[in-house]
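Please examine the sequence and the model shown below. The paragraphs that follow lead through selected parts of it, beginning with a pair of helices.

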Amino acid sequence: MNQEEQEQESSATLIDKNFPLFSKPRKPKPYKSPKPSQNPEPQTPQIEKFSSSSAAAAAEEETTTAFADLGLAEWAIQTCKELGMRKPTPVQTHCTPKILAGRDVLGIAHTGSGKTAAFALPILNRLAEDPYGVFALVITPTRELAFQLAEQFRALGSCLHLKCSVVVGGMDMITQAKALASRPHVVVATPGRLKVLLEENPDIPKVFQRTKFLVLDEADRVLDVGFEEELRVVFQCLPKNRQTLLFSATMTSDLQTLLELSANKAYFYEAYEGFRTVETLKQQYIFIPRTVKDAYLVHILSKMEDMNIRSAIIFVSRCRDCHVLSLLLEELEVEAAALHSLKSQALRLSALQHFKSGCVSILLATDVANRGLDIPTVDLVINYDLPRYSRDYVHRVGRTARAGRGGLAVSFVTENDVDLVHEIEAELGKELEKFECKENEVLSDFTKVCKAKRVATMKMMDDGFEEKVKERKKQKLKTLAEKGVLKKRSKKRKREKSDKNPDQ
Ligand code: AMP
């Protein structure tokens, strides 16, 4: 599901009385940690909380703790060494031993901080002691993340001959059902496809009868974008005595609620409070009219080599714009891959693979790529469009400056985005710097870029993309109508209208 779909769905009021977590308004509320002076104790005695907002404390832990101190088996310690992981990161230092001890864990740590290994290592450690399938189910919001997580599980579990299956939309369902029936040790899934398989194939729910671990990766996103129905179905198939692990870069009240529902004594690790980006990330903006965005984009991309930028991700809000930009760059003979949800899954994976392997150094993407993707060569993120929510800004720019490396994020700000950029700055607690570039140089190619844009737009009219967009819209309205959301929405609108105009 892409950002546009998710936004539409998240704005709906879906209430499922049977599932306590979701029996409240769907709009994600920002989570506020209690101030230390107000209430230093966790609200629920069942939750042990560790909060670290100090970078110095984190760095200190990083230098003094070794993988051998975490309670992991020798093979796991050796695997980390072979993968070049010399010391555990703070989220690993804190969460891995708690997971090994049988606790439910909520881990909030910034993107690129090693969250995946923090939960994969203890899961694999437990699996090695008592191997069976399906031992762990990992749910993640996007298909690309599912494949990335499975790769990481396979790398960390290489010496266990780990069987790991990916269950996502857009791929053959019969093959996936067969893979599940063979009971892999670990299943990584997106919620929609898993729900369909669980409901349509009576043999599949049994596969998860003894599942020991449920992980919600990018948990805030999984919880806030209309996956409640899917999650309810999944939760029903899992045993009550499982361990639940929630990992996320941002905290929301939904996560707090889920933590409080935890069956085991829960551990809550919070590496920082609120939104944060890493110190090694340079964050800049260019204030420009909408009409010259393309010229600025082409100019910056032409300077990548001079700026020592190995590869760049350009975030665009809509699939249509992503497609037209890819045609524009093609017209200008700039090689780029494009990733959006109106592509088939096979094309999405191949675009990502092209980019990851260095065949192309530019990736145009919608927010399907904003979370968790870990590509070390990404030195630049461009927000061609600013995201609507500041939380998505943090995720997008987190595609660069990972694992202690440097990186640059440049946001295009138009006259319509001023409030949005102030909101982002307020959340980050700092101002974006101005990106310096020579306007006359940018505009010298303006005519060429405009011409290429016209050609790109015409090509898009011919290649059937607009039809795909229309078909998607129709499909979306149908789904919303089936869920009864449209009715609720129009009732809400009527109510709001009559509140404003009581005479009508
Ligand atoms: P993640 O936050 O899980 O996406 O991880 C970000 C990147 O950090 C991945 O490329 C991991 O392989 C890498 N990584 C995770 N843990 C460590 C570690 N302890 N030492 C070095 N790199 C790590």
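Are α8 and α11 parallel, antiparallel, perpendicular or oblique to each other? The model is a predicted one, in which local features need pLDDT of at least 70 and side-chain atom pairs count only at pLDDT 80 or more, while totals for chains, interfaces and linings use all residues. Residues are numbered from 1 along each chain as its sequence is written. Helices (H or I, at least four residues) and strands (E, at least two) are DSSP runs, numbered from the N terminus.

Two packed helices are described by the angle between their axes and the distance between the axes. Axes are lines fitted to C-alpha atoms, for helices over the stretch in contact, and angles run from 0 to 180 degrees between N-to-C directions. Helix α8 (residues 191-200) and helix α11 (residues 228-237) have axes that come within 9 Å and cross at roughly 55°. Angles under 35 degrees count as roughly parallel, over 145 as roughly antiparallel, 65 to 115 as roughly perpendicular and the rest as oblique. The helices α8 and α11 are therefore oblique to each other. The crossing of α8 over α11 is left-handed, a term used if the near helix is turned anticlockwise from the far one by less than a right angle, with clockwise giving right-handed.

Which residues of α8 and α11 meet? From α8 come Pro 191, Gly 192, Leu 194, Lys 195, Leu 198 and Glu 199, and from α11 come Glu 230, Leu 231, Val 233, Val 234 and Cys 237. Two residues are in contact if their C-beta atoms, placed from the backbone, lie within 7 Å. By class, this contact of α8 with α11 has seven nonpolar, one polar and three charged residues. Here Ala, Val, Leu, Ile, Met, Phe, Trp, Tyr, Cys and Pro count as nonpolar, Asp, Glu, Lys and Arg as charged, and the others, Gly among them, as polar.

In their contact, Asp 294, Ala 295 and Val 298 of α13 meet Phe 446, Val 449 and Lys 453 of α19. The residues of this contact between α13 and α19 divide into four nonpolar, no polar and two charged.

The next topic is burial. A residue is buried if 20 or more other C-beta atoms lie within 10 Å of its own, exposed if 12 or fewer, and partly exposed in between, with C-beta atoms placed from the backbone. Helix α4 (residues 90-100) has nine of its 11 residues buried, so it is largely enclosed by the rest of the structure. Among the buried residues of α4 are Val 91, His 94 and Ile 99. Gly 102, which follows α4, has a positive phi near 90°.

Strand β2 (residues 104-108) is mostly covered, with five of its five residues buried. Asp 104, Leu 106 and Ile 108 point one way from β2, whereas Val 105 and Gly 107 point the other way. Two strands pair if DSSP finds at least two bridges between them. Strand β2 pairs in the parallel sense with β8 (residues 266-270) over five bridges, and Val 105 stands opposite Tyr 267 in β8. Four bridges also join β2 to β7 (residues 243-248), again in parallel, and there Gly 107 stands opposite Phe 247.

An open sheet of seven strands has the order β11-β12-β10-β13-β14-β9-β15, with parallel pairing. At its edges stand β11 (337-339) and β15 (433-434), each with a single partner strand, so one side of each is left without a neighbour in the sheet. Within this sheet's order, β9 (residues 281-287) and β14 (residues 407-413) pair over seven bridges in the parallel sense.

Some backbone details remain. Most residues other than glycine have a negative phi, and most peptide bonds are trans. His 161 has a positive phi of about 55° although it is not a glycine, and with 8 C-beta neighbours inside 10 Å, His 161 counts as exposed. The peptide bond from Gly 133 to Val 134 is cis, with omega near 0°.
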